[in-house]
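Thanks for coming, everyone. Have a look at the sequence and the structure on the screen, and then I'll walk you through a few points.

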Amino acid sequence: MGKASVILYITVGILVLFLVSYSPKKKGDHDHHHGGHNQHHRLKLRSSFNFKPTRHDPVPFDPLVADMERRREDKEWERQYIEHSHPELASHSQKETTGGGHEHAPGHESQPEWEDFMDAEDYLNDEEKFNVTDRLIVLFPKIDVSPTDGFVTESELTEWTMQSSAKEVVHRTQRDLDVHDRNKDGFISFSEYEPPSWVRKSDNNSFGYDMGWWKEEHFNASDANGDGLLNLTEFNDFLHPADTKNPKLLLWLCKEEVRERDSDKDGKISFEEFFHGLFDTVRNYEEDNHNSTHPYHDLPEGPAKQLFAQLDKNDDGYLSDVELLPIISKIHPTEHYYAKQQADYIISQADSDKDKRLTLAEMIEHPYMNKQHQAQFNITSRNIPHKTESSTNLSHADHLVI
């Protein structure tokens, strides 16, 4: 960053702090703009984590908070891993606890874990240690980079969220690789890999097995260099195929769509099969205001027939797996899709002058919103109206957003 940019941000920061400090506000508003840490709106870290690939996981806006939640998630993941993969250790820990002992199985230290968690929340709610305004002043120039002009645009917010998300995803992939890599060579073979316990305990017609997500065909498609092993990048693609650049894996996704949607089992998708399923998914992706609960039979067939004709390159009246490639990213949204949703939503809430970009002052002036006083700049996909996922209800307590 150039000298002029540094001077600009220092000047803007001082001006914003001056205005926030000396502008007449009610006490409640003053608390909000200076970190929002009052007794009625305690900021909270996530206390529950989803380890199934059935819903997109959000990431915090602030790397500091992301690191805290990552540590918390690792402890919970380790606890669940021991319970499911080494139940003898978990049961030994329970016997020790009920018998008055103080020994615990690794990852099962419930009380110390909770104390550490509360210490982290206390830190976030200590205005002297963690101040929302100060954090935004620090983070703003790291987001405003393309170009460095004193404004944060949708594309800059999207890229910021993408970077955070990529770090989270790779961290989780490395964690899983370390578990499955039995010979510790840094690679995963198919014989080393075991499906998650929720798949192993399901029947052969359930999500995990019927869709083929954990079968050898999926593994081989993820093996980009064809050496029979998955490195970290390939294993990451295996776990998150929607974000891959590997053409073999993208084609595998298309084959799985055909297999799932092909109700008459002829190996291809007819217009009826396309219209009563895939078209609605694509339409939901493309139209922000479309109601995903709209009955299929009420949707107009015209747009569906037009899209079907565009995809049906050989004009045989059916769609093959290859012909689904142009829309596969709309059927399986990528991290960029979710990051852009988050960026759009933040701008829509904080853009006071409606110029489709944010200044530092606007971000500081809108750290909270909604009835729950949700901290603005840790908005997650659970709080944003999704077209591909059902949103969850917000808690009445504040959730940390930075």
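**Spans, cores and rings**

Start with residues 262-284: their end C-alpha atoms lie 21 Å apart, and the span is 61% helix and 0% strand. Keep in mind that this is a predicted model. Where does that span come from? The UniProt annotation "domain: EF-hand", from an unreviewed entry, covers residues 216-245, 262-284 and 299-334. For residues 216-245, the end C-alpha atoms are 19 Å apart, with 50% helix and 7% strand.

Now the cores. The largest nonpolar core has 22 residues. F274, L319, L324 and I327 touch the most other members. Which elements give two or more residues to this core? They are α12 (247-261), α13 (271-286), α14 (301-311) and α15 (328-331). Helix α13 gives the most, 6 residues. Take I327: leaving out residues up to four places away in sequence, I327 touches F274, V282 and L311. There is also a second, separate core of 18 residues, with I137, F140, L360 and M363 among them.

On to the rings. The count is 13 aromatic pairs. One of them is F190 with F219, edge-to-face, 5.5 Å centre to centre and 70 degrees between the planes. These two are 29 residues apart, F190 in the loop between β2 and α8, F219 in helix α10. Buried or exposed? F219 is buried, at 2% relative accessible area. F190 is partly exposed, at 30%. Ring pairs also link F190 and F219 with Y193, F235 and F238 into a cluster.

Last, charges over rings. K268 has its charged end over the ring of Y318, 4.2 Å from the centre. R357 lies over the face of F151, at 3.5 Å from the ring centre.

How values were computed:
Residues are numbered from 1 along each chain as its sequence is written. This is a predicted model: local features need pLDDT of at least 70, side-chain atom pairs count only at pLDDT 80 or more; totals for chains, interfaces and linings use all residues. Side-chain values use heavy atoms; hydrogens and water are left out. A nonpolar core is a set of buried Ala, Val, Leu, Ile, Met, Phe, Trp, Tyr and Cys residues joined through side-chain atoms within 4.5 Å. Buried means under 20% relative accessible area, exposed over 50%, partly exposed in between (1.4 Å probe, protein chains only). Helices (H or I, at least four residues) and strands (E, at least two) are DSSP runs, numbered from the N terminus. Contact means heavy atoms within 4.5 Å. UniProt positions are given in the numbering used here, feature names are shortened, and annotations may be inferred rather than shown by experiment. Rings of Phe, Tyr and Trp (its six-membered ring) pair if their centres lie within 6.5 Å; planes under 30 degrees apart count as stacked, over 60 as edge-to-face and the rest as tilted. A charge sits over a ring if NZ of Lys or CZ of Arg is within 6 Å of the ring centre and within 35 degrees of the ring normal.
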